[in-house]
Amino acid sequence: MQLLQSPAMRPLYLSCFSSSRYLATITFSSSSNLLPKSILPTFRTNRGFNSTPSRSRLSIRNCSSISAKPSSELRRQKGSSDSSEPDDKKLRALRQLFSKPAIGIDAYVIPSQDAHQSEFIAECYMRRGFISGFTGSAGTAVVTKDKAALWTDGRYFLQAEKQLNSSWILMRAGNLGVPTASEWLNDVLAPGAKVAIDPFLFSFDAAEELKDDIAKKNHELVYLYDVNLVDEIWKYSRPDPPNAPIRVHELKYAGVDVASKLSSLRSQLAGAGCSAIVVSMLDEIAWLLNLRGGDVPHSPVMYAYLVVTMDDAKLFVDSSKVTPEVLIHLKNAGVELRPYGSILSEIESLALKGTELWLDPSSINAAIVNTYKAAGEKHLEGLRTKGNGKSQNRDVSNGSSGQSWGPARVYRASPISLAKAVKNASELEGMRNAHLRDAAALAQFWTWLEDEIHEGAKLTEVDVSDKLLEFRKKQDGFIDTSFDTISGSGANGAIIHYTPEPGNCSIVDPKKLFLLDSGAQYIDGTTDITRTVHFGEPTAHEKECFTRVLQGHIALDEAVFPGTTVGFVLDAFARSFLWKIGLDYRHGTGHGVGAALNVHEGPQSISFRHGNTTPLQKGMIVSNEPGYYEDHAFGIRIENLLHVKEANTPYRFGGISYLAFEKLTFVPIQNKMVEVSLLSDAEIDWLNDYHSQVWEKVSPLVEGSASQWLWDNTRPLVRQ
């Protein structure tokens with residue numbers, strides 16, 4: 001599954017608040033670029049009319065528990081909540097709120113994510129989907145008093161064209177001549193307008209970027225602390241909060257115990273001159289505490305915050321999700337429980353104590369940072385009054401924007417992100433084992449599908465997706481899918497993140513290409529695989545495109561590179577064969593993958609965008625998924641997951657180690673689709689060796705017709 005990491009598509013965040021409609025206003029003077037990055041879960045808070053938040057009580061709204069369900073059932077559920085009333089009626093209701101006395105705004109920004117910067121979110125946080133009708137995982141909606149526009153990236157252009165009604169303007173982010181959301185706001189609003197966001201759902205970086213960018217036209221960024229306008233019109237039809245029980249991720253899968261992880265984190269805090277850190281990314285919390293949850297579809301995480309000091313650790317979570325086993329697990333690790341909604345009170349308390357706090361401005365929401373800044377200024381003022389201010393007035397600037405602000409704060413990327421990305425031996429073993437069981441399920445599935453198609457069965461794309469889930473559920477340790485299955489026949493395969501819906505999808509056409517991108521969450525690992533096949537005879541053009549995608553896939557798989565190499569250096573390996581005939585694709589080539597965690601994780605990536613400067617490191621896992629998409633005709637993608645390993649090179653220029661990739665995915669690539677004349681002998685050898693490994697590793701796990709299918713589809717490719 002492809003994740004596009006585009007600076008221009010950094011989502012704008014919003015929250016889940018209702019009741020009293022107080023707001024804070026910030027005026028801007030500097031300029032910046034592009035849109036913010038992510039969002040976080042929601043809470044309701046009582047606020048005054050201050051420009052910075054004051055101490056308040058919080059109560060959090062979460063959403064329903066998650067379990068693996070067929071696509072058909074999930075689509076029905078989403079449809080019932082998202083389409084209860086026409087999109088234009090929702091827009092009218094939203095705009096009516098703009099003029100309320102306690103609101104008084106000219107535009108409102110509605111992002112995709114929840115309050116924790118999550119890519120996949122609980123259904124009750126899908127506000128952008130509710131207001132616009134567009135269900136893709138990435139995008140930002142902006143509503144003014146007379147216009148509504150939605151920005152999304154190249155993965156979703158065709159999907160957005162289908163789902164947006166005439167009330168919306170589709171902004172194809174990244175295309176020449178398409179403005180960013182802030183540029184558009186500067187163009188359509190009269191100078192001095194008020195643009196509102198929910199600060200709980202914007203990272204601090206994101207809010208600052210937007211603030212600076214719209215200041216070019218003297219616009220004000222209005223923080224709506226106590227109300228979310230989409231929630232106000234969603235009201236009682238909004239899905240219930242999640243309440244799935246948390247479970248312990250066993251040490252045999254985690255590889256490192258919680259006490260050791262916390263000790264390592266505290267060493268990093270001490271080295272940075274900090275005495276505490278706030279963690280808000282859900283997968284970071286799950287990894288650090290060896291816990292897994294079920295609050296979010298496809299991602300085994302729970303809604304929570306974590307504060308780690310040099311002496312203790314506090315998990316802010318709904319206690320109803322905490323089982324007795326989890327409670328003992330946390331107690332043994334020295335982790336205390338606190339109510340999820342009390343996080344701001346804790347932040348204020350830390351600031352008033354003069355705690356030197358590590359904050360990641362790209363993931364911590366603006367509400368938390370502003371609370372800490374406001375309380376920190378009070379603390380500093382008190383010290384100055386006593387004559388001790390100078391000793392405490394310390395600014396530390398290590399953030400992505402290079403800013404410095406306030407006393408006793410360290411502003412830099414979370415240290416947990418990289419630690420989580422570099423897998424230990426137990427995590428790698430779990431990933432290998434999960435991929436083999438997943439390969440067995442896929443062999444059984446492809447056997448069934450080919451038999452059905454050849455017998456003339458009329459299967460919809462949803463039927464196919466649901467059947468694949470049946471096969472995966474039979475595998476040991478299966479928990480959930482790792483994302484909505486992309487099952488696209490013919491033209492639907494050209495929609496990069498296409499999601500079929502019951503009653504609104506295609507029959508799988510044996511005369512057209514079929515693209516299947518799917519993955520699973522197992523107790524010991526996470527999978528993500530794409531295969532493109534033809535059930536009849538592909539055209540010469542389809543075969544050439546497929547083969548060039550395969551050549552790029554092989555080139556990246558075989559890459560050997562210095563240990564300091566960043567992902568964008570490798571991206572061209574996968575594109576060069578398409579470039580030779582003037583073709584390309586609109587997404588990155590690879591994303592990080594968690595170990596029994598999120599299918600998309602950072603900080604590493606392989607992309608044409610130069611913003612990510614994280615070098616690939618031994619132990620990381622990335623996807624290898626070049627593709628080609630011909631609008632309204634077909635889509636092609638070939639995806640395996642790769643483990644970054646040390647390469648056995650005869651030399652080490654510069655005294656550094658060199659790296660290479662080890663395959664984790666073992667499912668046949670359809671030989672029928674290959675134009676052999678385009679391949680070199682070395683490329684043919686790669687494909688034959690890969691299929692030999694597939695047979696060796698997966699055949700012991702299947703029998704009967706699936707074993708025969710696997711044998712037939714791993715035979716050597718030979719020149720005619």
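Biologist: Buried means under 20% relative accessible area, exposed over 50% and partly exposed in between, with a 1.4 Å probe and protein chains only. How many of the seven residues of strand β30 are buried?

Modeller: This is a predicted model, where local features need pLDDT of at least 70, side-chain atom pairs need 80 or more, and totals for chains, interfaces and linings use all residues. Residues are numbered from 1 along each chain as its sequence is written, and side-chain values use heavy atoms, without hydrogens or water. Helices (H or I, at least four residues) and strands (E, at least two) are DSSP runs numbered from the N terminus. Strand β30, residues 640-646, is largely enclosed by the rest of the structure, because the number of its seven residues that are buried is five.

Biologist: Which residue of β31 stands opposite Lys-645?

Modeller: Strands pair if DSSP finds at least two bridges between them. β30 is joined to β27 (residues 621-624) by four bridges, running antiparallel, and Ser-623 has Leu-641 of β30 as its bridge partner. β30 also pairs with β31 (residues 658-663) in the antiparallel sense, over five bridges. In β31, the residue opposite Lys-645 is Ala-660.

Biologist: At what angle do helices α16 and α21 pack?

Modeller: Contact means heavy atoms within 4.5 Å, and on the α16 side (residues 425-454) the contact is made by Ala-443, Gln-444, Trp-446, Thr-447 and Glu-450. From α21 (residues 704-712), Ser-705, Ala-706, Trp-709 and Leu-710 take part. The axes, lines fitted to C-alpha atoms over the stretch in contact, are 9 Å apart. With angles running from 0 to 180 degrees between N-to-C directions, the two helices pack at about 90°.

Biologist: Is Glu-683 buried or exposed, and what is its relative accessible area?

Modeller: Glu-683 lies in helix α20, residues 681-698. Not counting residues up to four places away in sequence, Glu-683 touches Gln-551, Ile-554, Phe-577 and Leu-678. Glu-683 is buried, and its relative accessible area is 9%.
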